[in-house]
Amino acid sequence: YSLGLNDLIVSSVELTVHVGDSALLGCIFQSTEKKLVTKVDWIFSSGEHFKDDYVLFYYANISVPVGRFQNRVRLVGDILHHDGSLLLQNVEEADQGNYTCEIRFKMESLVFKKAVVLHVLPEEPKELMAHVGDSTQMGCVFHSTEEKHMTRVDWMFSSGEHAKEEIVLRYYPKLKAPVGYPQNWGRFQNRVNLVGDTSRNDGSIMLHRVKESDGGSYTCSIHLGNLTVRKTTVLHVILKEPRTLVTPGTLRPEILGGNQLVIIVGIICATILLLPVLILIVKRTYGNKSSVTSTTLVKSLENTKKANPEKHIYSSITMQEVIDEEEPSGKSEATYMTMHPVWSSLRSAPTSPSDKKSDGGMPRTEQAF
């Protein structure tokens, strides 16, 4: 504590919460003397150059929230015991800043002041998703600058607006064990356990072996004496799809989802890379086929030549047609023509004596064509 002329100031404390949570800003004056509190003020400042705003003031046994905090704050401390603590619910991002508590006593000019620096983090998800058979954790933490310990934590489940609530878990820290009504636990028995640190007002639980019927709203209630803070989490249960063999023919755009473009680009790239190889394979295959075809054709021609004899070349004997009408002798010469085949290997056949015939002393002549 540091003493001023008219103020008793306590060094500031810091508290960090998430958007949507509740926060207890403590303001307790410890004294052995009996003092009567006449006035309590809570003032908010978001920065050095911003105007201070009233959050709440207490005077003549009346507590009055002010401004944008009107429906979200209330005085929860025991004024008779010099406790002017403030409960801020449904914290907003704009609530980040400095909160100053001022307590004034009857017939005294002394003012007790305490500052709290509040840091606000983004909102935690209020809806969770879990597959059938999995485990899921549901958080429930009460944030406070004072050492206020929970006296009890309850978890309730409801499957719908008009459905009857079921007790999931009930825990008394002093007993160090969960206590509940066995007839009301039903299907949650032996599947829920407390995983939070109750000494830090953490009543988080773990739900094991999630079932399809577990989908619904889970409400956590942390009790700190007469103060109760609640938080609700909605659980959505997803059925596990059977594993099936997916072939390229059965792929559809809705199955591919966001990866469709990646798959298409991959196919195009693979096609471009493999195209030269495919072309080379086709060329080799076509070349082999052409070679086989040519060889077959050559062999066919050779067989044809062997099967069919070579063309016959015929030779003819030139004949001299002499019709000598002027000769007085009246003799006529008869000219004979003989045709016989000559093979190509034999360009000229030898003339045998039998091939020559004389008629009237005139030799016969042969020419090969």
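Visitor: What should I know before I start?

Guide: Residues are numbered from 1 along each chain as its sequence is written. This is a predicted model, where local features need pLDDT of at least 70, side-chain atom pairs count only at pLDDT 80 or more, and totals for chains, interfaces and linings use all residues, while side-chain values use heavy atoms, with hydrogens and water left out.

Visitor: How many helices and strands does the protein chain have?

Guide: Helices (H or I, at least four residues) and strands (E, at least two) are DSSP runs, numbered from the N terminus. Here you get three helices and 22 strands.

Visitor: And how many of the residues are buried?

Guide: Buried means under 20% relative accessible area, exposed over 50%, and partly exposed is in between, with a 1.4 Å probe and protein chains only. Of the 369 residues in the protein chain, 29% are buried. Areas come from the Shrake-Rupley method with a 1.4 Å probe, and for residues only the protein chains shown count as cover. The accessible surface of the protein chain is about 25500 Å², with 56% of that belonging to carbon and sulfur atoms.

Visitor: What about contacts in the protein chain?

Guide: A contact means heavy atoms within 4.5 Å. Take the contacts with a separation of 6 or more: 60% of them join residues 24 or more positions apart.

Visitor: Which residues does I28 touch?

Guide: Leaving out residues up to four places away in sequence, I28 touches H82, D83, S85, F112 and E146. I28 sits in the loop between strand 3 (23-25) and strand 4 (37-45). E146 is 118 residues away along the chain, yet the C-alpha atoms of I28 and E146 are separated by 8.7 Å. I28 counts as partly exposed because its relative accessibility is 21%.

Visitor: How many disulfides are there?

Guide: A disulfide is a covalent bond between the sulfur atoms of two cysteines. The working cut-off is a pair of cysteine sulfur atoms within 2.5 Å. The structure holds two. One is formed by C27 and C101, with sulfur atoms 2.0 Å apart. That pair links distant parts of the chain, with C27 in the loop between strand 3 and strand 4, and C101 in strand 9 (residues 97-105), 74 residues apart.

Visitor: Why is the C27 and C101 disulfide left-handed?

Guide: The torsion about its S-S bond is about -75 degrees, so the disulfide of C27 and C101 is left-handed. C27 is buried, at 0% relative accessible area, and C101 is buried at 0% too.

Visitor: Where do C140 and C220 lie?

Guide: C140 and C220 form a disulfide with sulfur atoms 1.9 Å apart. C140 is in the loop between strand 12 (136-138) and strand 13 (143-144), and C220 is in strand 19 (residues 216-224), 80 residues apart. Their link is left-handed, with -75 degrees about the S-S bond, and both cysteines are buried. Number the bonded cysteines in sequence order and the pairing reads 1-2, 3-4.

Visitor: Is strand 15 mostly covered or exposed?

Guide: Mostly covered: five of the seven residues in strand 15 (residues 166-172) are buried. Two strands pair if DSSP finds at least two bridges between them. Strand 14 (residues 152-158) and strand 15 pair in the antiparallel sense over five bridges. F157 has E166 in strand 15 as its bridge partner.

Visitor: Where is L273 found?

Guide: L273 is in helix 3 (residues 260-307), and L273 counts as exposed because its relative accessibility is 66%.
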